[in-house]
Amino acid sequence: MPSYQLNINGQIKSVNADADTPILWVLRDELNLVGTKYGCGIAQCGTCTIHLDGNAIRSCSLPISSVESGQKIVTIEGLSENASHPLQEAWVEHDVPQCGYCQSGQIMSAAALLKENKRPSDEDIDEAMHGNICRCGTYLRIKKAIKTAAKNM
Amino acid sequence: MANLKQTNRRNFIKGSAIAGGGLIIGFNWIGCKGDSNVPLKVMKAIPKEWIDFNSFLKIGETGLVTIMSPNPEIGQNIKTSMPMIVAEELDVDWFDVVVEQAGLNTEWYTRQVAGGSQSIRQGWESLRKAGATAKHMLVEAAAKRWGITPEECKTADGIITNPSGETLSYGELAKEASELEVPESPKLKDPKDFKIIGHSKRNVDLKKIISGQPLFGLDTKKEGMVYANVLRPPAFGSTLKDYNDENAKSINGVIDVIRFGDKIGVLAQNTWAAMKGKAALVAQWNEGDKPEDTEYHNDLLSSHIEKKAEKPRREDGDIDKAFKDSDEVFERSYSAPFLPHNCMEPMNCYADVTSDKAYILGPIQTPEWQLSNLSAQLGMDKENINIELTRMGGGFGRRLYGDYVAEAAELSKLSQKPVQLVFTREDDMLAGTYRPASQYKFKAGIKDGKVIGYHLVEACFNGEMFGQMPSNFPCGAIENYRVDCHKLQTNITTGAWRAPYANFLAYAEQAFFDELASHLKIDPVEFRIKLLERAKNDPTGEDLSYDPERLIGVIKLAAEKANWGQNEENNFKGFCAYYSHNTYVAEVGHVSIKNDSPVIEKITCAVDCGIVINPIAALNQIEGGIIDGIGHAMYSDFKFENGASTSNNFHQYRMIKMVEAPQVDVHFVESTIDPTGLGEPTLPPAGGAVANAFAAATGNRIYSQPFVKHFEILG
Ligand code: FES
Ligand code: FES
């Protein structure tokens, strides 16, 4: 099995995995970072969203072999110290989650948006969040929390 | 470790006192960070000893309180709301409360089920009593110390005060209080004195959720565990003929391939290898006798709604005579497809089965039922099976059924290994227990502009919908009333789906009433209120399952808040009201026309669920129910060809997205009536409110779900 060096949440990790293994399963099964969730495996639901060099990426569809050395991966666990990212604080203020399963993916998509766009309009938010499904229907609170976070950033 | 108290318990069987260091979650953090106006407080120290009062609560010597949440958490927020009720009667500061998920314990708790929006309604009394009992004992202990009567003591925030202003904390008193007699019927608070109930408290798992900590079944990691993925028959009715696992076994990380019944399990060192191993299996299947498809289902349903059943589910008056006497009979029919649940967390379960015991950990809505199933399946006494619950990434009815629990247990037993069974999304959509397809035909006999007869015929697969609640509205409101149900057979597995019975029916019925009102040239709100007044003052028949007065209450409130009856520019309104799962809901859909297409802008919603326990969470459930209801009514379609579904993942099954979610404006009926649940009741009326608003906006009516199929006619 080939071996890979990955930069995850600021730490270099070495992992043995088949070349086609999606980063999602490397994170969850090999590195014990289970905050990144599995929902569909085909880049259609957003629960597995992580940042690759700051961009929101569906980790279920990103084979380990396609990550170049030097590229930085950030997961929900590494988004902030003690859940202190303005989005996480806004998520608390609005008590966003219901079941909670989709929420780390939602937060990661929103964090990538706010990095690029400090004052997103409703349309910008709808567009950036279009790849994230929430079966519980927490969309209204997610949107409110993104706006609150943008204000506080 | 603390001692186990051996005290007399009449009302409650006591739990073991345990040291709880590892169980303390950052609950206080929520209070500090979330509310900027809440002063920063320091959490009470973790006690060395927990004194347990009953199966719901224990108090540490530092005053920290642990409250157990017995019911499974599927996102309905029960893990926060139920402990709030205990804390209220105990009279502690919510800040000093730690919540723990209880495992299955049939001796300590009744009804450890998440389903039917019943947890709060059915838990209300025992939860209040659990808190009040402990408070009573604590007060008695304080009174004894001071040599005064309990009536002279006052409690607040975990502190007892005597008339001269001296204080004792619950923590100081816990030990001696726990040794006192358990009162038979402790005094409960007057709802007007509630300090926690009715005040928003944030989700107790919030910090873990937003920082990606392990919480869900799929996050389970245990020593020696292997991952399993299962190949199941590709179509309903088909069976396994033969298979070749050579390629599967050659995949890196695959440990074993095990056939059980018509299924094949692939065990591997990680999830990816298990999935790849399954994909590499080569299997031959025997086709079932009569593979079903959607056309067959629809034909069967539509032929049945044209006729009466052998016996009605309810009959008041004489419907045949009424229709004969009528000037005209107005009739419409409605149809809905099967639907998968699509919880965001696919089915999964951890099982460690050895020759003499079994340990199960997973997202299970019905642990007690699964205990019986497992006991029979494994031939093992119930005492030797331990079931623990994880937080669930949605349930919506799917996790009421134990197929995935049974599979995990079987694979663990056969492989003699601890197994974490994982469904792929494709497994989840293809091996579902679907909301059954169904159709309705409604007929109203009209004489002199009045409805004198009402006949509903239902056809549904594997079960009944309105047949389960034939005394619901409009029962009682119409002189001659009859309900017939045809329960048809299919080999497709079906089951409860969020707001079972009502999820499709509410739209069908309320769309019919809307069209009927317009046909009679009566305002649809006035029409409903008139019928309900009749059901209230002079009901036909007996034993109505709803309270017409409360239904009128939500209808009036929603109408008022939505400015019903006022023409507003590009704001077309549709009305819908429905009583289900013990809660009364009315919704007004607001639709605009943009670029020649109807757009759902807003839902105005009025709810009567009695006392509102936790407003911030209640609103979340209400909004979610409405958005979920609109999403499924608008977009969800699910078809079968040759016994197999034609959609297997989200690229073929449309779910509502943020951009399609309308604003939701919620109003509660103020009430001191005992509370009822909110996980389901706002979903059923959503489809009706939207369909009726579409009709107002475009003049066109919709008769089947998903609505999106009809958009050409609407534009
Ligand atoms: S699991 Fe990656 S997008 Fe669904
Ligand atoms: S909170 Fe349950 S899926 Fe989003």
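## Reading the interfaces of chains A and B

User: How many residues of domain 1 of chain A are in contact with domain 2 of chain A?

Analyst: Contact requires heavy atoms within 4.5 Å. By that rule, 17 residues of domain 1 of chain A are in contact with 14 residues of domain 2 of chain A. This is a predicted model, in which local features need pLDDT of at least 70, side-chain atom pairs count only at pLDDT 80 or more, and totals for chains, interfaces and linings use all residues. Residues are numbered from 1 along each chain as its sequence is written, chains are lettered from A and ligands numbered from 1 in the order in which they are written, and side-chain values use heavy atoms, with hydrogens and water left out.

User: What area is buried between domain 1 of chain A and domain 2 of chain A?

Analyst: Buried area is the accessible area (1.4 Å probe) that two parts lose on being put together, summed over both. Between domain 1 and domain 2 of chain A the value is about 1,300 Å², with carbon and sulfur atoms giving 59%. On the domain 1 side, His51(A), Ile76(A) and Leu79(A) supply 33% of the area buried against domain 2 of chain A, more than any other three residues.

User: How many polar contacts and salt bridges cross this interface of chain A?

Analyst: A salt bridge places a side-chain nitrogen of Lys or Arg within 4 Å of a carboxyl oxygen of Asp or Glu. A polar contact is a pair of N or O atoms within 3.5 Å; within protein, one must be able to donate a hydrogen and the other to accept it, and residues adjacent in sequence count only if both atoms are side-chain atoms. Between domain 1 and domain 2 of chain A the rule finds zero salt bridges, but seven residue pairs in polar contact (both at pLDDT 80 or more).

User: What is the corresponding picture between chain B and chain A?

Analyst: The contact takes 64 residues from chain B and 55 from chain A. About 5,200 Å² is buried there, 58% of it given by carbon and sulfur atoms. In chain B, Ile210(B), Met344(B) and Met658(B) lose the most area to chain A, together 17% of what that side buries. Seven salt bridges are counted between the chains. Lys276(B) and Asp20(A) form a salt bridge, with their closest N and O atoms 2.9 Å apart. The count of residue pairs in polar contact (both at pLDDT 80 or more) is 30 between chain B and chain A.

User: How is chain B divided, and how do its domain 1 and domain 2 meet?

Analyst: Chain B is assigned domain 1 (25–199), domain 2 (217–288 + 341–430) and domain 3 (296–337 + 434–714). In the contact, 13 residues of domain 1 of chain B meet 15 residues of domain 2 of chain B. These two domains bury about 1,100 Å² between them, 63% of it on carbon and sulfur atoms. Within domain 1 of chain B, Glu73(B), Ile74(B) and Leu104(B) lose the most area to domain 2 of chain B, together 48% of what that side buries. One salt bridge is found across this interface of chain B. The side chains of Arg391(B) and Glu73(B) meet in a salt bridge, at 4.0 Å from N to O.

Technical notes. Domain bounds come from an automatic or database domain assignment.
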